[in-house]
Amino acid sequence: MNSIKASEQIRRSNYISRDLSWLRFNYRVLDLAKNPNTSLFDRMKFLAITSSNLDEFFMIRVGSLYNYIDFGKERVDYSGLRELPFRKKLLDLAHRFVGDQCQTYEEIKPDFDRHGFNICNVEDLTESEQAKAASYFKNTIYPLLTPMVYDSYHGFPLMMNQLLIFAVVTRTSEEEKQQSRTTFVQIPGNLTRFFEISRKNKIIFVPIEEIIRWNMDKLFRNVEIESVNLFRITRNGDFTLEESDDMDQDFVQEVKQKLKNRKKGRVVRMEVERTPSPYVLKMLKERWSIDNGNIFSIDRLIDLKSLWQIIRHPHFANKIQRPPAPIPAPSLPPGAMDNIFEYLKHHDVLLHHPYNSIEPVVTLLEKAAEDPYVLGIKQTIYRLADNSRVTAALLKAAENGKHVSALLEVKARFDEERNLREGEKLEKAGCFVIYGISKYKTHTKMLMIIRKEGEKVTRYVHIGSGNYNESTSRTYTDISLLTTDDVYGHDVSEFFNVITGHSYPENYEYLITAPKDMRQQLIDLIRQERLNAELGLPAGIVIKINSLEDKEVIDEFYAASQAGVQIRLIVRGICCLRPGREGLSENIQVSSIVGEYLEHARLFYFHNNGNPQVLGGSADIMVRSFERRIEALFYIVHEDLKRQATNILRYNLMDNQNSYIMREDGSYIKRQPADGEPIFNMHREFFHLSTDVEVETCLF
């Protein structure tokens with residue numbers, strides 16, 4: 001299929017390709033790096049994020065596509081394209097993105113010098129500075145390098161994923177016979193990317209690959225170096241565990257084996273310097289069964305994630321704009337934390353991070369670990385911070401004789417090894433640890449503390465959209481609920497029995513769960529809005545999620561739109577729904593908010609004829625969320641908290657500084673304030689939200 005036919009096929013489809021939509025999302029992040037009104041260090045940050053995003057995209061999404069191509073399995077994308085035509089379209093757009101990335105890097109480079117640093121090659125250093133670089137090579141880098149020759153006597157070495165690697169072609173004379181050989185030199189990942197040299201009022205960052213290149217003759221003595229080629233590969237990191245009903249040690253061993261296999265996954269991308277050796281390029285293309293579509297020629301720094309070393313450098317700490325201090329949650333007044341157990345017995349609390357600190361949740365857990373009346377703690381864990389206070393609290397609780405049950409999801413992508421280590425640590429302390437459920441990924445975020453209070457046992461429940469991670473809670477927007485309401489307590493108890501035991505409750509009152517019936521219950525809520533519209537009653541839907549991909553739900557949105565329901569979707573990343581198409585989705589508007597914080601909260605609002613139903617939780621509208629994950633959404637039932645949640649959505653709809661509007665063709669444009677409309681940056685406004693302001697529950 002030629003590119004014109006492919007483009008026409010994509011245009012005709014009622015759905016947007018998930019992977020093409022993802023590339024659009026990364027363009028929105030790149031747009032922040034291009035903004036000349038943004039500080040240099042923020043522009044560098046967003047550029048580094050695009051690089052990290054692209055790495056994961058190739059490992060998982062392109063890797064998944066190759067699972068179909070390599071094994072001859074059929075796959076039809078939402079765009080209607082089969083595997084190979086879609087691969088071409090996807091890689092063509094990825095090449096275009098990388099070109100724009102390179103251009104953005106070149107645009108910001110001239111600003112380096114006036115901000116007190118620069119990135120230089122060894123040739124740009126003074127004689128004394130070169131001596132320092134030579135010493136660093138001799139004493140630190142050289143002992144760690146292991147040249148690995150590949151020839152008829154030596155097998156092809158294992159190339160590690162996402163490390164910088166040199167392919168060095170050398171020539172030697174043996175009995176008048178000329179012979180070329182290729183040797184690979186991998187740069188260890190535990191070395192910092194830049195060697196730092198201090199000048200007066202300036203820091204020079206020298207890429208270590210340039211120091212190695214400068215000293216390459218030290219690794220190849222008495223031979224002629226024909227070419228030195230720097231490259232970096234990305235391997236397929238997408239793996240699926242075999243389904244099993246047994247939650248025994250075999251499951252953990254399978255996870256560990258899959259992690260080992262990931263290191264040998266097929267190559268899906270190779271980044272190389274401009275004008276590499278044709279000999280090396282041909283050899284690697286044949287070895288890894290790749291073609292020019294997989295090869296990305298880079299004429300700037302390879303792997304822009306390395307910019308984090310500069311961004312986080314202590315010397316520039318005063319140049320990084322720090323977020324304001326968190327404000328008190330409207331439902332958690334100052335002083336309430338002094339006796340949090342007593343306060344929560346009488347009040348529910350809705351937290352909105354990072355505007356409200358995660359401290360109340362962590363402090364509650366730490367107090368529970370020490371409290372003599374606490375009998376047990378149950379918690380799901382997906383991603384943890386380094387030196388996690390959450391883990392420390394659970395360990396302390398176990399040491400104090402409390403029953404601790406922890407479900408650590410060992411299939412949390414790229415955190416598998418960390419979670420295995422944390423689980424083993426908790427097991428040694430006497431905690432009851434479950435390493436996920438092999439058939440499903442446990443993505444829900446729940447905590448329950450069981451406390452004896454006189455003759456009664458009270459359940460303190462926390463449920464939300466964010467991980468129990470103190471670090472990311474400062475940069476991710478999330479919502480969560482703290483409550484002792486008996487209905488929540490009963491539902492969450494039942495839910496824990498499902499995921500840790502063998503229980504199938506008929507229904508929950510305040511929870512909607514997956515894989516049980518989340519898709520159907522959301523469809524029922526959409527259909528009720530559609531029915532109300534058909535009856536001439538007020539109807540409307542506002543939903544804030546990370547991703548929208550499930551066709552069944554998308555079709556229900558289309559049907560509701562055609563019945564006259566006004567639908568406002570705030571989708572940060574992937575959106576496979578096509579808004580504003582005549583006869584299909586005229587009443588659907590989609591926006592994406594990309595800015596200072598990563599939008600991670602999930603909120604669902606259904607107008608319900610003026611008596612809104614509002615939910616929060618961990619799930620997106622995706623096939624995986626409904627069918628392959630353990631998820632939970634919770635109804636926000638208390639009126640004050642419902643108003644707070646509704647106001648979060650209202651602010652999202654009002655934002656005209658971080659919002660991008662999705663067009664019918666799947667592209668996005670930056671939203672600009674209308675004539676006379678005041679500037680509204682919700683990432684700033686939430687820090688100024690007064691607890692005294694009365695807000696409406698209804699959005700329509």
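User: Is C431 buried or exposed?
Analyst: Buried means under 20% relative accessible area, exposed over 50%, and partly exposed in between, with a 1.4 Å probe and protein chains only. The relative accessible area of C431 is 7%, so C431 is buried.

User: What do the numbering and values rest on?
Analyst: This is a predicted model, where local features need pLDDT of at least 70, side-chain atom pairs count only at pLDDT 80 or more, and totals for chains, interfaces and linings use all residues. Residues are numbered from 1 along each chain as its sequence is written, and side-chain values use heavy atoms, leaving out hydrogens and water.

User: How many disulfides does a search of the whole structure find?
Analyst: A disulfide is a pair of cysteine sulfur atoms within 2.5 Å. The search of the whole structure gives a count of zero.

User: Which cysteine sulfur is nearest to that of C575?
Analyst: C575 is in no disulfide. C575 is buried, at 0% relative accessible area. The nearest cysteine sulfur is 6.9 Å away and belongs to C576.

User: Which residues does G423 touch, not counting those up to four places away in sequence?
Analyst: G423 counts as buried, at 0% relative accessibility. Contact means heavy atoms within 4.5 Å. On that basis, G423 touches L408, V433 and Y435.

User: How far apart in space are G423 and A368, C-alpha to C-alpha?
Analyst: In sequence, G423 and A368 are 55 residues apart. In space, their C-alpha to C-alpha separation is 20 Å.
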